Amino acid sequence: MVVEEILERAGRKADKAEVIFSEYETTSVKFKAGELHQAAVIDGRGAGLRAFAGGRVGYASTTDLGDINDLVEGALAAAKFGRKAEYELPDGTAEYGDVKTFDDAAAKISPEAMVALGEQALEMIMSADSRYVVDVEVDRTVGRTRIANTAGLDRSQDRTGYDFAAIVRRTAEDDIFYHYDYDASVARDFDEMAIVRRLLETLKWADDIVDVPTGKMDLIFDPAEVPTLLFPVVTCVNGAYVADDSSALAGRLGEEVADPRFTMIDDATDGFGFMAGSFDGEGTPARRTAVIEKGVLKSYLTDLATAWRLGTASTGHARRTLTQPPSPGASNVIVEPGENTSAQLIADTKIGLLLLHAAGGSMGNVRSGELSAAAAYALKIENGEIVGRVKDCIFGGNVFEMLGRRLRAISSDTRRSEGRYMAPTVVVADQTITAKG
Amino acid sequence: MKSYLQNVLANAPCDYAEFRYQEFTSTLLVFDGDGLKDVALNSARGGFVRALVNGQFGVASFEDLDRAAEYLEKAVSLAKVKAGSFGGFAPAEVNVDDVEIDVPRPAHRVDLDEKVAVVSKYNDILLGHDRIPSTDTRYRDSHDYRVFVNTEGTAVSVKTPRLGLSLRPLASEGGVVQMAINNYGGIIGFDHVLGREAEVEELAVRAASLLDAEPVTGGTYDVVADPVLTGIFAHEAFGHTAEADDAAQDEKLREIMTLGRRFGSEILSIVDDATYEGHNGYVPYDDEGLRGRKKYLIKEGVLTGLLHDRETATRMAVEPTGNARALDYRHPPLVRMTSTYIEPGDISFDEMVASVPRGIYARRAKGGTGGETFTFTAEDGFLIENGKLTKHLRDLKLQGNLFRTLENIVAVANDFVMPEEGMGGCGKGGQSPLPVSCGGPHMLVKNVQIGGR
């Protein structure tokens, strides 16, 4: 096997070595403007090697498994300049949970069946409103990842991935309205047509463009946009930014950083999302991590290197791609629900915006906790009723203030969003909205 | 490689087929507050095949080149999942060529220790500043070799050496973190990044100065955009709307994007130019084997062209523009931009600022998203009062409606800059970062929304 060979060869020259090998096959069908446009298959594979030599670490990767010499020499050459890395690699003796990462229903769906799902979605949307130009995409991946190192670890995980997206566009005189909905998971564990029905539900107000004045109001994050609100939070708890003091949450463990009603948990062992897994990108066991509990900062997210810098143990949050060595990142994120339903929260809103789709949220000074985004699709609420769609609004602020003293409510109902967040509706009070003109 | 793939295509059981082969090597250096964090040497190679059968595309991406014939069959069988409506490409130029883009001392041939030494020195300069605890400095050079052959006889190859250096100091004080960016690179040799010490010093001071700048007050302002923001506007807001893949199958959108329609005043001309050398948008041949070219999208305020691949050009019965680009061999080509810019005008930057009673001069970009409603984040800005730059401002998020903003471009300066690209790129359809360039002169736009507290 190529993994053994790479490890053996690297082990001869390096003090320690770690190989990750992955192979996958992705099948996708894309419909464009109401017609099947393309069916595709991607057969991919590759190996990445971290070599630890002279107390430093280097990385190399390749998709060409015919010649592993360049891979080994590359990682060793990189290690001459790499960062000090005096931490131990996992030896594989830790306890690993049993997390479902392979789903037969996802693995076995045929391209024909994926096409049929797309056609059903198109039919539903176009019969509901023929003005929409509709794109649909269905993808599924079957793959396997194996991590082995010279400390004795050797773990494999078979994985599936499945996602479904419906995108609609409707153009009127100088109004290009665009919206979408999707879901993704490690399994085919959702009803595709439920996504389409939800999309159609949100389109009911798309025709009625209403004005909104610049000023303060409630901003209601639909579960679909809670990831936008959480992006600065997830960034600020990243151990790498904490270790070099560029995060607003550096040095604040144990402090209250949000309202006591806000609890955020990271959990790859909860099989609800596509980040599910029993170990992370370095083979550290995945576990449930309370990040912010009842408003108090409880834990950062770390991999081996950042934990070593911080003088702690890895929380099992090493994320990596084939071309980049591990760095910390969140897995599946859960925000604990609150007391009232989303419908009640909307009904209790005097004046506000229900945010269904934001754009540009990741461009501000995220490590300060700043969020600033455009409301690409938002509905205006007056006296508990949705009155129409607003255009060209932007909003911004510090998320710890939004989730702190300005947090109005968190809903009791939650929904999976972006395939990896289990999110309620979150209502932020006194939000300045900047509107056109 | 060409003849091997041509042989595989020789008796392809389909109406049209193409192979793309790619070899890609890169060196990546990532720095943070403790210096060099990651050193990664990556190499990938693989193939991509696209077949058209009965009006339907089937595609396959693979890494085992010996099995190219098998993947052609796979693509053909995927295309046969269902018959489609596309009648096949209109005839296009047949090209046979091999291009090797030459730069002096290409970075992929420079020793790793020299690269590490140069970038480390810059990162150390940044970290030497007492208000800069951390950086997000990244360096990547790459060599991209692409071969394209199709059943019409086109057989081209292009070798492209690229270099990107993005220096990003993070100034921090009392929970406020501010970032400034200097980008270097393009299709250019390694020596281009040498000798930048003074600029890096200036960058550190600039980042720290953001801590003292005032957060902008949200509202509607007349904005003088610098060449970086002008370029981002040309690319994100207008450029993406001018990509014809949506319009080709959407009558209503096509009505809006009708050639000859006036979008702005006579001072406004927007170009996409694949022949602009030295920058990342230089594309001698696109990923359908067509020549890259210079196209006016808007000329003197009037829409004169859209960006096409062969499919959209066929559907809209126009000439293709050579804008089919794929991120790598794992992806099909999409309609994408190359080097997109606004042409310069007559007045000077000073005259432009002097003409503004109250507004904001916004500089540089940290990011942007496009479409009819666009949003950009500027690095910083200055309040303009009575034609003079006054207060230093930060946290500027600019937003606007594409069509109104095009009408509201009231002045274009006589300066022109094609900013260097650094590590960034364009994202579309899951393909990111695609190397592109964008630039232009300073421009004055009326009534831009700026978000703030």
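Tutor: Let us begin with a pair of helices: H1(B) and H2(B) cross in the right-handed sense. A crossing is called right-handed if the near helix is turned clockwise from the far one by less than a right angle, and left-handed if anticlockwise. Helices (DSSP runs of H or I, at least four residues) and strands (runs of E, at least two) are numbered from the N terminus. This is a predicted model, in which local features need pLDDT of at least 70 and side-chain atom pairs count only at pLDDT 80 or more, whereas totals for chains, interfaces and linings use all residues. Residues are numbered from 1 along each chain as its sequence is written, chains are lettered from A and ligands numbered from 1 in the order in which they are written, and side-chain values use heavy atoms, with hydrogens and water left out.

Student: At what angle do helix H1 (residues 2-9) and helix H2 (residues 68-79) of chain B cross?

Tutor: An axis is a line fitted to C-alpha atoms, for helices over the stretch in contact, and angles run from 0 to 180 degrees between N-to-C directions. Here the crossing is at roughly 45°, and the axes come within 9 Å. Angles under 35 degrees count as roughly parallel, over 145 as roughly antiparallel, 65 to 115 as roughly perpendicular and the rest as oblique. H1(B) and H2(B) are therefore oblique to each other.

Student: Which residues of H1(B) and H2(B) make the contact?

Tutor: Contact means heavy atoms within 4.5 Å. H1(B) contributes B:Tyr4, B:Leu5, B:Val8 and B:Leu9, and H2(B) contributes B:Ala68, B:Ala69 and B:Leu72. For the classes, Ala, Val, Leu, Ile, Met, Phe, Trp, Tyr, Cys and Pro count as nonpolar, Asp, Glu, Lys and Arg as charged, and the others, Gly among them, as polar. The contact of H1(B) with H2(B) has seven nonpolar, no polar and no charged residues.

Student: How are helix H1 (residues 2-13) and helix H2 (residues 69-79) of chain A arranged?

Tutor: Their axes come within 10 Å and cross at roughly 35°, and the crossing is right-handed. A:Ile6, A:Arg9, A:Ala10 and A:Lys13 of H1(A) meet A:Asn69, A:Leu71, A:Val72, A:Glu73 and A:Leu76 of H2(A). These divide into five nonpolar, one polar and three charged residues.

Student: What is the packing angle of H3 (residues 112-127) and H4 (residues 197-212) in chain B?

Tutor: The angle is about 35°, with the axes 9 Å apart. H3(B) passes H4(B) in a right-handed crossing. On the H3(B) side are B:Lys121, B:Tyr122, B:Ile125 and B:Leu126, which meet B:Glu197, B:Val200, B:Glu201, B:Leu203 and B:Ala204 in H4(B). By class there are six nonpolar, no polar and three charged residues. H4(B) also lies across S8 and S9 of chain B, at about 35° to S8(B).

Student: What is the strand order of the sheet in chain B that contains S8 and S9?

Tutor: Two strands pair if DSSP finds at least two bridges between them. The order is S5-S8-S9 in an open sheet with antiparallel pairing. S5 (134-135) and S9 (176-179) are at the edges with a single partner strand each, so one side of each lacks a neighbour in the sheet. Two bridges link S5(B) to S8 (residues 169-173), and B:Thr135 stands opposite B:Pro169 in S8(B).

Student: Which backbone values deserve attention?

Tutor: Most residues other than glycine have a negative phi, and most peptide bonds are trans. B:Arg105, in the loop between strand S4 (96-100) and H3 of chain B, has a positive phi near 45°. The peptide bond from B:Ser432 to B:Pro433 is cis, with omega near -5°, and B:Pro433 lies in strand S25 (residues 431-434) of chain B.
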